[in-house]
Number of protein chains: 2
Amino acid sequence: MVLHLVPRCSARLFWASPGWRRTYTQGTSVGLKWLGCPRDIYRPLACRGNSSVSGSPEVMLTAERYPVQRLPFSTVSEEDLAAFERIIPGRVITDPEQLAACNVDWLRALRGCSKVLLRPQTSEEVSQILRHCHKRNLAVNPQGGNTGMVGGSVPVFDEVILSTALMNQVISFHDVSGTLVCQAGCVLEVLSHYVQERGFIMPLDLGAKGSCHIGGNVATNAGGLRFLRYGSLRGTVLGLEVVLADGTILDCLSSLRKDNTGYDLKQLFIGSEGTLGIITAVSILCPPRPQAVNVAFLGCPGFAEVLQTFRACKGMLGEILSAFEFMDSECMQLVGQHLHLTNPVQESPFYVLVETSGSSAGHDAEKLTNVLEKVLNSGLVSDGTMATDQRKVQMLWALRERITEALSHDGYVFKYDISLPVERLYDLVIDLRTHLGPRAKHVVGYGHLGDGNLHLNVTAEAFSQELLTALEPYVYAWTAEQRGSVSAEHGLGFKKKNVLSYSKPPVAVKLMQELKALLDPKGILNPYKTLPAQA
Amino acid sequence: MVLHLVPRCSARLFWASPGWRRTYTQGTSVGLKWLGCPRDIYRPLACRGNSSVSGSPEVMLTAERYPVQRLPFSTVSEEDLAAFERIIPGRVITDPEQLAACNVDWLRALRGCSKVLLRPQTSEEVSQILRHCHKRNLAVNPQGGNTGMVGGSVPVFDEVILSTALMNQVISFHDVSGTLVCQAGCVLEVLSHYVQERGFIMPLDLGAKGSCHIGGNVATNAGGLRFLRYGSLRGTVLGLEVVLADGTILDCLSSLRKDNTGYDLKQLFIGSEGTLGIITAVSILCPPRPQAVNVAFLGCPGFAEVLQTFRACKGMLGEILSAFEFMDSECMQLVGQHLHLTNPVQESPFYVLVETSGSSAGHDAEKLTNVLEKVLNSGLVSDGTMATDQRKVQMLWALRERITEALSHDGYVFKYDISLPVERLYDLVIDLRTHLGPRAKHVVGYGHLGDGNLHLNVTAEAFSQELLTALEPYVYAWTAEQRGSVSAEHGLGFKKKNVLSYSKPPVAVKLMQELKALLDPKGILNPYKTLPAQA
């Protein structure tokens, strides 16, 4: 199999592109300020950035902040280091300064104390590393772009960090079917440019695309901005290569759209957050690049009108609807106050961003105009603006995408990522405002309305145990009552592993534990994550 | 949870609709002749039909035709029957005549000798039945519409047949999100009408829709005619309720589009052909019903031109392309000769059916006209016809959909369902014609080109061991060389379980066996299927 290099021309883009923001022309310095140094995806070290921000306070050790006990894994010895050095000469990192960033999650809430970072380039190397770790009972923390929201990508104690950063080669691309096969460490945005140049797009897009790795996206079953249109990775991922806990390479790297020969083993690893195996290569189906993209930004007088606007868009835009995002007025205030973004429409209780992607600019504009006329005339929408040119499209998207950034300027942020029946989506926000009263600075709701996915954020001047106690388990219990999900797209990782039971019955949790025991009997893969601690 | 009855008004349609054909006005008697009696989905018995066709020769017992040994399961005793009768009073069938049809697969190639058919109505009843069978070590054959192509839905020996036919209630439908929740025994076509009346369509459609059950569709990961547009059931199924081998009910019947709380357990059961658990309820996302459907039927001078036409359609039709099917000239001869269907275009080596589904009839027609002009003018297509009205759309679809029926009139049929890289799709047919020479009557290729899925069929005057030896493993080895799949959408069932290794490496087969042992340690669920016999 011939390895094709990902075109280097794209690299400059990401060099200046911090983790959680698109590459807008405006506000770059703000982005750098809050996110720390941009990650360098081409230099020898995977982990730089956050911890080297001068003046940043040291992040508290996870083991000190949370009640978690180290499991009886071995400790990395000089012999282990020598063995790793034989497998990946020159790519065994033990320098504390270089290790620092890889030990801290990007939200700077968790910190491990790993003493070694391994940077394999091939699945065979990953296999040899895991074979050694399995034999020696060494715990392993797989790490992609380290952009996760729930602490799944950093060690909790001294786990060996296995980075996919150097596994960044495109293996093949088929320009009729749109099938991309690549190593797990390819950065999503690099892949995005690669396939765009060939007339396709990646079936997923998310704010972290400048840093996140496709392997990490698959391991966490990332959702993001194109989910409404192109669906889940469970449908678009065609194949995976995975290294199992004992070093066995499981080759399910099929490029076929259809394959009903037995159990679909790759599904086990999608969304398992590195706890069942380490994904080393991905085969994924890319949709054709749309010829035309239009965005409308609308103000709605109430949430009922948001829902009716969604229904109208689904009906009238049909197959060209590619995003339906919403944000409340407090979100708009925050992006204005902290990022100086301007509200392009008149002040409203709610705002909606509608995106269409289609194969005919004329047809799409006509459809969108028709639906806008309808929602404006019927009072569902009080004001709106529409964009077809790239610059304005990006400006409108920035209002929605930079909410996370604005929140981080507002103080300490308690973050929840909830799935709910769409008609109850905002009730939780309203209810929580009453429940918290003046203890919270802001309680805001925004998210992927089209997917029933609410991002609920609560800010306060500083971390407060009292506020946390008021929030949890209240938010989880409320969600469970609606048969919602306490983690729509972020996964469980370290932070949410103990709230699993709010969304899964005991029978399911037990089966998860049995699968873990089957695939990783020693429990060395990403321990302390995803599965609740067993009694 | 309120159970809503599926509207009875649809029943008449299916009464007269045999298993493998849409309800066309023409040729019903032909359909009845080759398919046996239509299945009665509303009368008390699930299994009638094929075996009661007067004059049909008795199907040879599977155990006599194939080298298969009965595993040491218990035999159903009078006490077992009494226990079943206590669980589902009046729904324990032991009458040999009534059992006959459920013992035979619809292709009339396999016959088991089960002595009992159970017809539960609820998951709780399924749970109690399995708890009993597990304790007693009784093997169980789950059966939906019994329309499978690989013998997965009939017993091999005397397994207890557990039919989902009476589990046919819609549980809920959400008319904003399009989420349907229903019991596993709902017939696909009944569901299709149910959601169509509410402005949606099912995300899958297949020839067997008049008989097949949604639970069986999910258990076999059915592909079919809408796969190109709406993707795999792995993306559209939102939740499942499953009864495990020991009777435990696993409730993953979520209606959420996004849920990243731990391993996605439902994926284990999608496509596992009833060997890991029995699906009792399904939650599935239905797309909005398209406002306009157009079909074009085209003649192409060669397979290279078929591929280029596909590329042009993908590029110019984009999001409205909903099917791209192909058939060769021998298929057209057979539907003409045996079913008297008329070729609507001039004779060509290949024919293509292109379907669009969209939200604006005008826009869609314009797009389709543009692409047709292009392919006609560039010589990719030599002749074509287009249909927008329902009757002509159905007539054009009949040419493609009734090929299976035409083949069955041509003699004994050897059937293969292969996934291949799209550019090699037809090479196998050409190669096989040379390889078989005059031993075969016809070697034909057709299928879902848009999904890389070839239906390869070889006919002969009668079954011939010599021909079979020439075909197998030749076809499988050829497919394996291209990294294709030896079962694109039909599954493995009983007939193909031993060719699994042509598409899956030993590590994957071993992991499949470990999963089976974990979930069904006694191996009572659909034994002799899917997994190769262990050495």
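For helices I went by DSSP runs of H or I with at least four residues, numbered from the N terminus. The peptide bond from A:Glu472 to A:Pro473 is cis, with omega near 10°. I then checked chain B: B:Glu472 and B:Pro473 are also joined by a cis peptide bond, omega about 10°. B:Pro473 sits in the loop between helix 18 (465-471) and helix 19 (474-481) of chain B.

A note on the source: this is a predicted model, where local features need pLDDT of at least 70, side-chain atom pairs count only at pLDDT 80 or more, and totals for chains, interfaces and linings use all residues. Residues are numbered from 1 along each chain as its sequence is written, chains are lettered from A and ligands numbered from 1 in the order written, and side-chain values use heavy atoms, leaving out hydrogens and water.

I found A:Asn221 in the loop between helix 8 (214-219) and helix 9 (227-230) of chain A. I noted it because most residues other than glycine have a negative phi.

On to the two chains. I get 87 residues of chain A in contact (heavy atoms within 4.5 Å) with 88 residues of chain B. The buried area (accessible area, 1.4 Å probe, lost on putting two parts together and summed over both) is about 6800 Å², and carbon and sulfur atoms give 58% of that. On the chain A side, A:Lys258, A:Asn260 and A:Tyr263 lose the most area to chain B, together 15% of what that side buries. The rule finds 12 salt bridges across the interface (side-chain nitrogen of Lys or Arg within 4 Å of a carboxyl oxygen of Asp or Glu). I also looked up A:Lys258 with B:Glu489, whose side chains meet in a salt bridge at 2.8 Å, N to O.

Last, helix packing in chain B. Helix 4 (residues 78-87) and helix 6 (residues 123-136) of chain B pack at about 160°, axes 10 Å apart; axes are lines fitted to C-alpha atoms over the stretch in contact, and angles run from 0 to 180 degrees between N-to-C directions. Helix 4 and helix 6 of chain B are therefore roughly antiparallel, a label for angles over 145 degrees. Among the residues meeting there are B:Phe84 of helix 4 and B:Ile129 of helix 6 of chain B.

Key. Helices (H or I, at least four residues) and strands (E, at least two) are DSSP runs, numbered from the N terminus. Angles under 35 degrees count as roughly parallel, over 145 as roughly antiparallel, 65 to 115 as roughly perpendicular and the rest as oblique.
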